[in-house]
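My notes follow in the order I made them.

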There are 2 protein chains.
Amino acid sequence: MKQSKRGVQGLTVVGSVALDTIKTPYGQVERALGGSAVYFSCAARFFTQVRLVGVVGDDFLNQHVALLEKLGIDLTGLERVKGKTFHWKGRYTDNLNEAITEKTELNVFANFVPKLLKQHVESQYLFLANIHPKIQYQVLQDVARPKWIACDTMNFWIQSARKDLLQVLKHVDISLMNDSEIKMFTGEHQIAKAVKALMKLGPKIVIVKRGEYGAWCFCGKKYYAMPAVLLSELKDPTGAGDSFAGGFLGYLAKSGKTSAETVKDAAVYGTVVASFNVQSFSLDRLALLTQRELIKRRSDYLKSIL
Amino acid sequence: MKQSKRGVQGLTVVGSVALDTIKTPYGQVERALGGSAVYFSCAARFFTQVRLVGVVGDDFLNQHVALLEKLGIDLTGLERVKGKTFHWKGRYTDNLNEAITEKTELNVFANFVPKLLKQHVESQYLFLANIHPKIQYQVLQDVARPKWIACDTMNFWIQSARKDLLQVLKHVDISLMNDSEIKMFTGEHQIAKAVKALMKLGPKIVIVKRGEYGAWCFCGKKYYAMPAVLLSELKDPTGAGDSFAGGFLGYLAKSGKTSAETVKDAAVYGTVVASFNVQSFSLDRLALLTQRELIKRRSDYLKSIL
């Protein structure tokens, strides 16, 4: 069978499913659908079959499940257990560049052990969203060798679980970090040096996220600078990085190619999908987004960057 | 005569000529050649005849004059008076994004009254570097109508001389501000809104400078996002904005065109020239820069931005 040789088509994501309470200068939401795996999935769904592996509590509303299923996301890996769903409470000040965490209630997520089914194990593309590097490493040991593995992380793990993170990075093809994270992790203040240092540890592709300034995509010796899409209305930056990752890896999974040119195109899709995400709270905009809108904005974007 | 109708070819800049004492994590210099008009001129010289209008004291070394003359900059508008040259002392911390001023000694610059000669008055292109808006306005009243006027400013004038700045902007075609300045000036936190507000006050072209993140170039209803050139070695960001402006306006002056396409090309040249400038202290790199290096880096840069 073709699939047993080449693995299962599509993309598996392991990460958080959350209820978010968020306040920005442009509004607020309470216990709205969120989490890295959710943002990622809702972005990647435009390109390929996405399979979400995560955990929620018994307070997770049926309407959330229904929405994700309607969007075509495979939830067979979404565990429901007794207790409360992971809850993040945060706010953003005027410039929207930095989230201030007010509360992190891990709840059922505290004991999360990803249970991978056959379709996850054999998935050709894998995204390890921002969770403890120990769990990321566990997943890496469980899966058959996917074509491409991407992983996200955060300053907290860089500081508290550096050794585990180093283990993970050894086996990862694509690393996504934001500007301050990669500098903190490598101890290099200049981005070119920081990327070089990170690549020595494993990843051959590095995405440096720069919030409203966009992202850099380093692919071997090549690199592409992508400004963020200019928006006239921005509401909530939560999930921008994960939706970027979803568009990026989703496109790679769809194309099946690994050339620098494909990586570049993927980064453009990541940028464009993420731009829709920040125009609303929660998944409101991504859930309504159409392929047609996506293609239109991509074309406008490409015109605006020389 | 052709010139009397169309004005004098080339570009006049009115601004500071300074001696800078600067410390960055990568080294330091004492009383090195600097100043907005100098950085601007050394960048613009690749494209057109630049005429510098400024003032220095009797401590300004002959070698500085000799260097600028060697680079082809017209110094007939550089006044030499008794006293000390404008001296700026500042430092940068690790990320190089923000200058911390330790000392500003205006010296002879405190009483600077630009004395425009015929070739300045009739100049087709004019750059009002970062000086008191009152002086900028005075220059505007002295010149014949140039084809294009660009002006820079800073947070200090935005706060202390807002009314004067508003007067200047009314008559200006191109406004250059950094990200925080335009937001402070317009009271808008989102860049698209801030630019719209600024354009209502006069300028039809707005350059938003974002330090190591590059710049946005807004031209009427079009806009172009330009990431900064990725550098493996960065030494001193002083003069980055002025050298950008020099490359930008220099190219516009050379081409003589006013289309959005030309503005875009000009912004690329601004970005590329500025990238050389930050690779050394003072004018060291810009003074040695060749046309050939400039063209080579421009071509590499264009490949790196999709």
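**Entry 1: a pair in one helix**

I started with A:Lys296 and A:Asp300, whose side chains meet in a salt bridge, 2.6 Å from N to O. This is a predicted model, so I keep that in mind for every number here. I looked up where the two sit: A:Lys296 and A:Asp300 are both in helix H13 of chain A, which covers residues 291-304. They are four residues apart, about one turn of the helix.

Next I turned to B:Glu261 and found it in a salt bridge with B:Lys264. The closest N and O atoms of B:Glu261 and B:Lys264 are 3.1 Å apart. Helix H11 of chain B, residues 260-277, holds both of them. The spacing is three residues, about one turn of the helix.

B:Lys264 is at 13%, and since buried means under 20%, it goes down as buried.

**Entry 2: a pair across two chains**

I then looked for a bridge that leaves its own chain. The side chains of B:Glu233 and A:Lys193 meet in one, at 3.3 Å from N to O. B:Glu233 is in the loop between strand E13 (222-226) and helix H10 (240-255) of chain B, while A:Lys193 is in helix H9 (residues 191-200) of chain A, so this pair joins two chains. I noted B:Glu233 as partly exposed, at 36% relative accessibility. A:Lys193 is partly exposed as well, at 28%.

How many salt bridges are there between chain A and chain B? I got six. Over all chains the structure holds 34.

Another one I wrote down is A:Glu212 with B:Arg210, where the side chains meet at 3.5 Å, N to O. I also came across a network of salt bridges that links A:Asp179, A:Lys183, A:Arg210 and B:Glu212.

**Entry 3: the interface as a whole**

With those pairs in hand, I asked for the totals. Chain A puts 33 residues in contact with 33 residues of chain B. The two chains bury about 3000 Å² between them, and 59% of that is on carbon and sulfur atoms.

A turn of 180° and a shift of 0.0 Å along the axis bring chain A onto chain B with an RMSD of 0.0 Å. That is the relation of a two-fold axis. The same surface serves both copies, as 100% of the contact residues of chain A recur in chain B.

**Entry 4: chain A by itself**

Along the principal axes, its C-alpha atoms fill a box of roughly 50 × 50 × 40 Å.

Buried residues make up 58% of the 306 in chain A. For the accessible surface of chain A I have about 12700 Å², with 52% belonging to carbon and sulfur atoms. I also looked at how far along the sequence its contacts reach: among those between residues at least 6 apart, 64% join residues at least 24 apart.

Last, I went back to helix H10 of chain B and picked B:Ser243 from it. The relative accessible area of B:Ser243 is 0%, so it is buried. What is B:Ser243 in contact with, leaving aside its neighbours within four places in sequence? My list has B:Tyr39, B:Ala43, B:Gly270, B:Val273, B:Ala274, B:Asn277 and B:Leu286.

B:Lys254 is also found in helix H10 of chain B. This one is exposed, with a relative accessible area of 52%. From C-alpha to C-alpha, B:Lys254 and B:Thr48 are 5.6 Å apart in space, yet 206 residues apart in sequence.

Notes. Residues are numbered from 1 along each chain as its sequence is written. Chains are lettered from A and ligands numbered from 1 in the order in which they are written. This is a predicted model: local features need pLDDT of at least 70, side-chain atom pairs count only at pLDDT 80 or more; totals for chains, interfaces and linings use all residues. Side-chain values use heavy atoms; hydrogens and water are left out. A salt bridge is a side-chain nitrogen of Lys or Arg within 4 Å of a carboxyl oxygen of Asp or Glu. Buried means under 20% relative accessible area, exposed over 50%, partly exposed in between (1.4 Å probe, protein chains only). Copies are superposed by least squares on the C-alpha atoms of residues with pLDDT of at least 70 in both. Contact means heavy atoms within 4.5 Å. Accessible areas come from the Shrake-Rupley method with a 1.4 Å probe; for residues, only the protein chains shown count as cover. Buried area is the accessible area (1.4 Å probe) that two parts lose on being put together, summed over both.
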